[in-house]
Amino acid sequence: MNKKILTLLLSLVLLGSSCTKFLGVDEVNPNTASSVPPKLLLPAALTNVVKVMDNPRNFEFVYLWYGLWSISNGYSQPSALMQYRLLNSNYQNSFSNLYLYGENFTVIENSATDPKDAGYKAIAMIMKAYIMHNLVDCWGNVPYSEAFKATDGVLKPKYDDQKAIYEDCILKLDAAIKLIQELPADANEIGAANDLVFSGNMGLWAKFANTIKLRMLVHQSGMTDRGAYIKSALATTSSVGYLGAGEGALVSPPFLENDTQMNPFYEVFYKGDGTGQSDAVAYYFAGKDAVDFMADNADPRLGRFFQPYSGTSYAGNYLGQDVVTHPPLLAKDCSKLGFLKGDAGYLIGTPTEAAPLLTDFESLFVQAEAFERGYITGDGKALYNSAVTQSFIHMGLAAADASTYVAQNTNAVNYDLANDKIGLILTQKWLALDGVAPVEIWTDYRRSGYPHNLHFSEQTDKANDTPPVRLLYPQREISVNNDNVVAVGTINAFTSKIFWQNR
Amino acid sequence: MKKIVLLLAFFAIGLQVLMAQTKEITGKVTSSDDGGTIPGVSVSVKGTTLGTITDMDGMFRLKVPQDAKTLTFSFVGLATQDVAINGRTSVDVKMTSDYVAVDEVIVTAFGIKRKPKEMGVATAKVDNQELVQAASSNVMNGMVGKVSGLQINTINNGVNPDTKITLRGNRHFLASNQALVVLDGVPVSATYLNSVNPNDIENVNVLKGASAAALYGNDASNGVLIVTTKKGDKGKLTVKISNVTTFEQVSYMPNLQSRFGSGSGEAVGSADPNYTFWIGPDRNTDPYTAYENQSYGPEFNGQNVILGGKLIDGSYQMVPYSAVKNQKLAFFNTGVSTQNDISISSGDDNGHFYLSFQDVNTTGTIPDDTNRRTGAHMAGGKKAGIFSADYTMSFTQTKTSNSGGDFNQGRPVYWNIMNTPGQVPITKYKDLVNNPFGTLDGYFNAYYPNPYWQLAHSRENQTRDDVLGSVTLSLKPLKWLEFSNRTGLVFNSIVNHNYMDEANFSTYSGTDPWGAGNTASSSTHYAGFSNDQMRQTMIMTDDFLATIDHNFGDISLKAIAGTSVYSQKYESQWEYAGGLVIPDLYNISNRTGAPQVAQETKERNSIGVFADATVGYKSYAFLHFSGRNDWDSRLTKANRSFFYPSVDASVLLSEMFPVIISNPVLSFLKVRGGWSQTGQIALDNWYGTLQSYPAAAGFPYGSTSGFALTTTLANPLLKPEQTTEIELGTEMSFLKNKIHLEANVYKTNTKDQTIPAEISAATGFIRASINAGELENKGIELDLKFTPILDLGKVVWNGSINYSYTESKVLSIMPGLDELPIPLTATSTGNNATSVAYATVGEQFPNIKVTDVKRDPEGHIIVDKLTGLPSKQTAIVQMGHGNPNHILGISTDWNYKGFRLSAVAEYRGGNVIYNAIGGGSPGGGMDFTGISEHSAQNGRQSFIIPGSVIETSPGVYTPNTTALVANTGRSFWVNSDYANTQRAYLTSAAFWKLREVALSYEVPVNRLFGGKVIKMAEVGLVGRNLLLLRPKTNVWTDPEFNNSTSTSNAVGYTDTYQTPPTRLYGFSVKLTF
């Protein structure tokens, strides 16, 4: 009898446990992992950020508003862009995507709890600072202290003061540099397959962090009473140095010539099957300001940024030319972006080349400006010449071509002849960053007004004389987080300046 | 040995032949109402298939076995009668009409059979004859218009059309509203019915509301269709063969203009004058452009003009500049569908057997589109003492080939037809090789390809295999006690091979010799691709039931307890290769670059325990309860268990108080009501409670792998959507059951909808799945069946009318959110709108909102006082809703001396539809191409927008009598805000359709051959969708269509992905041996 009861009980237990198993099939997902170690998150997080920053569609407004590119004389002119009319729905994907990819760095930062993984933690902190300051540069006050906290139940993060975000990011960069400096001897190696930027060279990550910090501090140079803060902030990590020639922060998975796997800039123009081109090739044309500046100064980069429309002739348009009174050039009379598909050293570049987070020449230009402003010590002329040289090399030209170029007898290029050295640096930086760092081009113009004499839209019905000074908060945020957006106050695209803009 | 004998006997059932002495019985069948004779009445020996039908004079003559005891007389619309022979050789019978089929049973959940009088909730039954009367090869088409509360939409035409089935409207915002289909006891998706041979179906029981279906627990909230296949009838071997051949033709095109040819003006000044020239006085507007897809050229004048441009050899084609008659219609073929059937049926008191085979071969109205469905179905059973066993088994293969998108923009064939101006003799370009003007380089259209290219070079091929089997074992140890267990298995495999060949233009075309800015010059080459997917679904079910059926004096009790185990496994693999190298070889190994691949495997399991009891008192009052608890693997452990209760009651007042029917008018009266709660787990992702890190876009890059978080925040607290339904109904019969009326009202409230709510991206996610929101659905259903009171002599006329009123209203979504786009990923207002449907709090669902121009408070279009043009307004405007409020179905049949004429018509109304096929530039419809009658309504002359107003001072509007739209052609119909907003193309979606007309004649074979070889022969003519009536404003297409899939709730939108409506007609021959 007891035996029977035992058998019954045993079979009930067995039934119970098989039920648990039967109903537990969805507790483990066979298709995707439910957690992933930092080393496997890092490659995608880095690539995704550069896909946002390097995609020309996301920041076409900078290239178009500031004389670098124009639109062909086709039938679909982006009239809102030409009229400087921004909508809340414009460019909102960049906002979303930067936060979405920032979340991946947050996961890396939070899951790299082992001291041996401090390197991953440092990289995540550096990249978050990079993401956050780009968000601030475009949108001003944005969620920060309550951002990336969905798993803690914060679904409507408040908007923080932009200056406070900047300051905290600089502290985070300091902390990241400190983590790198104090990495344990037995730290887990971060390989080239994980660190797609510096292949695990943590010294370069520290320099990158310090360069981002320098960039952020130089952004504030136009503000009054900020000099002491800038100098003391720089002093804490001055020993680390900045990215030098050949040390650009470029992401390389490496890109491949397949659809969805190509360099994000190139991908907008050409297809991955080796044959087709997209309509962007026939859509973006040369900007007349850029063509004129290069033509005036015998700049060999002209043929690299743009294609000759015939023989060796180059021409560009100003933005928003009136079809009747001042018609833009027909497609056949105007330069396209350079150059034939897949050629290295041209603006469109190759499908497989690394995509820049921050180039060496940008770092050098920033250092040159910081020197002129007295923030750092060094050799201003050497920094400037090196910056121009690295831009020439990036555009497929020789260092010797750069030497010839900067030695010309004109204050537009020659450091020694230039009275306005900051103007010289920022004008050269504007050109060099074409196709590389649009947000920085925009930021430099807003904070400094360089380059001077750019031609703004010739559209008669434009909303404002000069381009907007910021992007408008995403329509998505207004839909789902409106209370916090409203709390920021009224936003005007032409007057609600980013905190560092003092002009 | 005994077992082997038993087994042999089991399989030999179908072969047994009754060997017995016979005698002949004659007789006459008359109507009890008027005494007239009734032809066509089926007379059979009860328990056998021996039988005949009455002739034109109501007489029959039948040889029966000596030991035959009873004859059964049956006829549609009349009460079936069993008459004892009692040794007679002459049996005369009077038959009465009867709609209260007392002996009929309703099959409810888990095959539980209940008598209609016990039912406290609304059900309906469609039997085989009704289903196949118009020879539809698709089960769903055979159901349309026949049951109140049932809405079936053919959402697109085609050789294997997709249908959407809903019962009593919508209950869910985003989750599927399609009814659950239970086929021979196994729950399958509604689309599975496309694989079922309608001739195999014994009947379809429709459990309209959740109440009747609550016993199915999860997934039952949308109502259930219980499909029962044939099992084999008692009697000797019967063989049926039939052929149905139908023809399908486009019934009408959208209204087209035939006044203006190619031109779009943009080439002024830049094109080669050889190909662009002007006709008429004004050379600067709307020139004829020989290679243009848009029809904004000058008016036709009959002169010979160049079409397209010069080829490399200098040749070019000339056509008369006049409209080709029926040009676009001529592109479409007459589709032919040939349906061949054979079935074998046999049975006796202890066993039954059924076997069928069907082949349906269909060609489409779009040339080269084909579908072939071949299937076999087998069922049988054996009873041995207290044991019985039944099985069904079916196998179906469906092979479909449809044309794919074009190489340039991936547009459907219909789009490229629409971009063919009226003077182009389109059917001449079928030959893509030998006709130089049909080739890629030589085709006249510089911007869109020859549609025949895409028929030949871009295909979507699918092979679908379905296997369904079920075995039921029953044990009935006592008269009132039965145990049964059903095990079911469904295996479904879908293999897609889609491909497109490369398109290589010549170097000559690439230089753009026509000065057109042609496709070839902007992209000289399009790579071919191969896009393959394999999907497998395996469903296994096991249901165990213990049934007690016993009477205790005046009290009857039927109680059931059971368990239900369900397991579904799904596997899919997808691969894509662009850049095919060797032509005509569609294999991903034949490529450049890396292939794209994906894999998904998923499993869901559930266990249900249920009980169901019906208590009856004196056969006139019934109370029914059911309760079920489910445990479902898709939810986390804490939320996995759910209870679904239901209760309903029925009282036959006419039996309870006989005084009620002691009058000549009312003959039957029943009232009933029910309440239930059901749930639906609305997780597309069965692992949706887990956070997930798939491979990031683009990864792996060679040897570099990378993963990223999904952008939807997982919610481990998710629970099922909960539907509470209450319904009340009555059934009554009048005039000796000649008129039968059934009326229901119901209300369902579905709360805790699963909403992937948008959240601030600054959280690191853009969506979070939550339970929120409530949708209320109310309705009225009326079913009226009648035989006419009039004496029509030998003509027997039956009719039925069903009407449903349905109203779905969104009560709430979530705090701070009062609108959701449906589907969530829809782009509703941009250049490529994919949906105009929304869930909006306080409005009917789905709410249709479209872009519009500015209007005054009375709705008049405000135009500029100088240009006469309206301007776009920012807000999108609400225009109505996408689902019809009113559905009216009318069925009728007349029987006369072996002839049967039946017809089904249906009306739907109360809803609106956005016909994107009509629109201007964004979206690119017929006004964009300029072939629409709409765009030629003013003869391309200046006009005043009818009813427009001018704002003279802020808020003051005066009728516009002066401001003419100067842009007469392209610039207005393509580019103005009028043509670029959606409202101008939104119309009422109301329609009347003549769904079915069938005429059959039962050949009196018993006279011809004495009934020895052929027992029955029937020939028939069938027609479906012969007529469609729409409001005059809808000049575009069939508003039943929709540009989404059957599981989407985004209705109210059609475009060029839906081909024109068709009508079908054909003939059938059926023989029974």
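User: Where in chain A is the place of Gln367(A)?
Analyst: Keep in mind that this is a predicted model. Start by finding the element that holds your residue: Gln367(A) lies in helix α14, which covers residues 360-372 of chain A.

User: How do I read accessibility here: is Gln367(A) buried or exposed?
Analyst: Buried means under 20% relative accessible area. Gln367(A) has 10%, so it counts as buried.

User: And which residues does Gln367(A) touch?
Analyst: Leaving out residues up to four places away in sequence, Gln367(A) touches Leu214(A), Tyr242(A), Leu243(A), Ile376(A) and Leu383(A).

User: Let's move on to the two chains. How many residues of chain A are in contact with chain B?
Analyst: Count each side separately: 58 residues of chain A meet 56 residues of chain B. Then look at area: about 4600 Å² is buried between chain A and chain B, and carbon and sulfur atoms give 59% of that. Phe22(A), Leu23(A) and Asp26(A) supply 15% of the area chain A buries against chain B, more than any other three residues.

User: How many salt bridges are there between chain A and chain B?
Analyst: There are two. Glu27(A) forms a salt bridge with Arg640(B), and their closest N and O atoms are 2.7 Å apart. For polar contacts between chain A and chain B, the count is 23 residue pairs.

User: Which element of chain A gives the most to the side that touches chain B?
Analyst: That's α2(A), with seven residues. By class, this side of chain A has 30 nonpolar, 19 polar and nine charged residues.

Notes. Residues are numbered from 1 along each chain as its sequence is written. Chains are lettered from A and ligands numbered from 1 in the order in which they are written. This is a predicted model: local features need pLDDT of at least 70, side-chain atom pairs count only at pLDDT 80 or more; totals for chains, interfaces and linings use all residues. Side-chain values use heavy atoms; hydrogens and water are left out. Helices (H or I, at least four residues) and strands (E, at least two) are DSSP runs, numbered from the N terminus. Buried means under 20% relative accessible area, exposed over 50%, partly exposed in between (1.4 Å probe, protein chains only). Contact means heavy atoms within 4.5 Å. Buried area is the accessible area (1.4 Å probe) that two parts lose on being put together, summed over both. A salt bridge is a side-chain nitrogen of Lys or Arg within 4 Å of a carboxyl oxygen of Asp or Glu. A polar contact is a pair of N or O atoms within 3.5 Å; within protein, one must be able to donate a hydrogen and the other to accept it, and residues adjacent in sequence count only if both atoms are side-chain atoms. Ala, Val, Leu, Ile, Met, Phe, Trp, Tyr, Cys and Pro count as nonpolar, Asp, Glu, Lys and Arg as charged, and the others, Gly among them, as polar.
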